[in-house]
Amino acid sequence: MRLLSESRAIERLAEIRDEFRSDIRARFEHRAKPCSDCQTPGICCSDEHFVNVRVSRIEAAAIRKAVVRLADEVRSQVFDRLEKVDADAEFYSCPIYQPGTGCLIHKTAKPLPCIAHACYERKEDLPPDELLATRELEIEDLNRRVYGRSQPMTPIHAALR
Ligand code: SF4
Ligand code: SF4
């Protein structure tokens with residue numbers, strides 16, 4: 001197994017994310033309800049009974065790097081929201097969701113399940129699970145090459161802590 005530095009793996013992760021996003025946009029997203037028509041924008045990120053996104057160690061590192069680079073005031077708002085999330089919560093309101101702005105890591109470190117998420121009326125229009133699973137295997141390979149072994153997935157709030 002060829003080892004990799006964390007910073008190189010984060011670069012490769014960005015490529016995987018961009019490829020995945022392009023694929024979702026080109027083949028699936030046009031069949032989903034446009035978020036611009038949403039009556040409850042952002043509820044998919046802020047409803048603590050709904051959000052249970054989990055990320056691997058290298059994704060957590062990319063998210064922390066992206067959050068560190070936010071403007072001081074915005075970053076401190078993220079940490080204010082983080083304080084309100086129960087550390088053991090399986091479902092949670094994502095602290096990275098900024099009301100009025102949206103996902104603060106949309107362009108820099110958005111997890112793949114978030115990229116795949118949209119509101120589809122018909123089940124058959126959804127991106128197939130295998131599309132995400134294949135990309136997650138590539139990310140798992142990055143984790144093994146950087147950290148030497150498979151790593152447990154954590155909720156985003158735990159990744160930020
Ligand atoms: S994904 Fe769905 S719930 Fe979330 S903002 Fe878009 S339309 Fe609204
Ligand atoms: S990472 Fe971004 S898209 Fe995903 S739940 Fe948090 S705010 Fe929403």
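In the shell around ligand 2, a count by class gives eleven nonpolar residues, no polar ones and one charged residue. Bear in mind along the way that the model is predicted. To see this shell, select ligand 2 together with Cys45, Val51, Val53, Cys94, Ile96, Tyr97, Cys103, Ile105, Lys110, Pro111, Cys114 and Ile156, which are the residues around the ligand.

Next, move to ligand 1 and display Lys33, Cys35, Cys38, Pro41, Gly42, Ile43, Cys44, His117, Ala118 and Cys119, the residues that surround this ligand. Here the shell divides by class into seven nonpolar, two polar and one charged residues.

Now select residues 6–27 as helix α1 and residues 129–147 as helix α6, two helices that pack at an angle of about 175° with their axes 10 Å apart. Since angles over 145 degrees count as roughly antiparallel, α1 and α6 are therefore roughly antiparallel to each other. To look at their contact, show Glu6, Ala9, Arg12, Leu13, Ile16, Phe20 and Asp23 on the α1 side, and on the α6 side Leu131, Arg135, Glu138, Ile139, Leu142, Arg145 and Val146. By class, this contact of α1 with α6 comprises eight nonpolar, no polar and six charged residues.

Finally, pick Pro99, which sits in the loop between β2 (97–98) and β3 (102–103). Is Pro99 buried or exposed? Pro99 has 11 other C-beta atoms within 10 Å and is therefore exposed, the cut-off for that class being 12 or fewer. If you also select Glu48, the C-alpha to C-alpha separation from Pro99 is 15 Å in space, while the two residues are 51 residues apart in sequence.

Definitions and conventions. Residues are numbered from 1 along each chain as its sequence is written. Chains are lettered from A and ligands numbered from 1 in the order in which they are written. This is a predicted model: local features need pLDDT of at least 70, side-chain atom pairs count only at pLDDT 80 or more; totals for chains, interfaces and linings use all residues. A residue is near a molecule or strand if its C-beta atom, placed from the backbone, lies within 6 Å of it. Ala, Val, Leu, Ile, Met, Phe, Trp, Tyr, Cys and Pro count as nonpolar, Asp, Glu, Lys and Arg as charged, and the others, Gly among them, as polar. Axes are lines fitted to C-alpha atoms, for helices over the stretch in contact, and angles run from 0 to 180 degrees between N-to-C directions. Helices (H or I, at least four residues) and strands (E, at least two) are DSSP runs, numbered from the N terminus. Angles under 35 degrees count as roughly parallel, over 145 as roughly antiparallel, 65 to 115 as roughly perpendicular and the rest as oblique. Two residues are in contact if their C-beta atoms, placed from the backbone, lie within 7 Å. A residue is buried if 20 or more other C-beta atoms lie within 10 Å of its own, exposed if 12 or fewer, and partly exposed in between; C-beta atoms are placed from the backbone.
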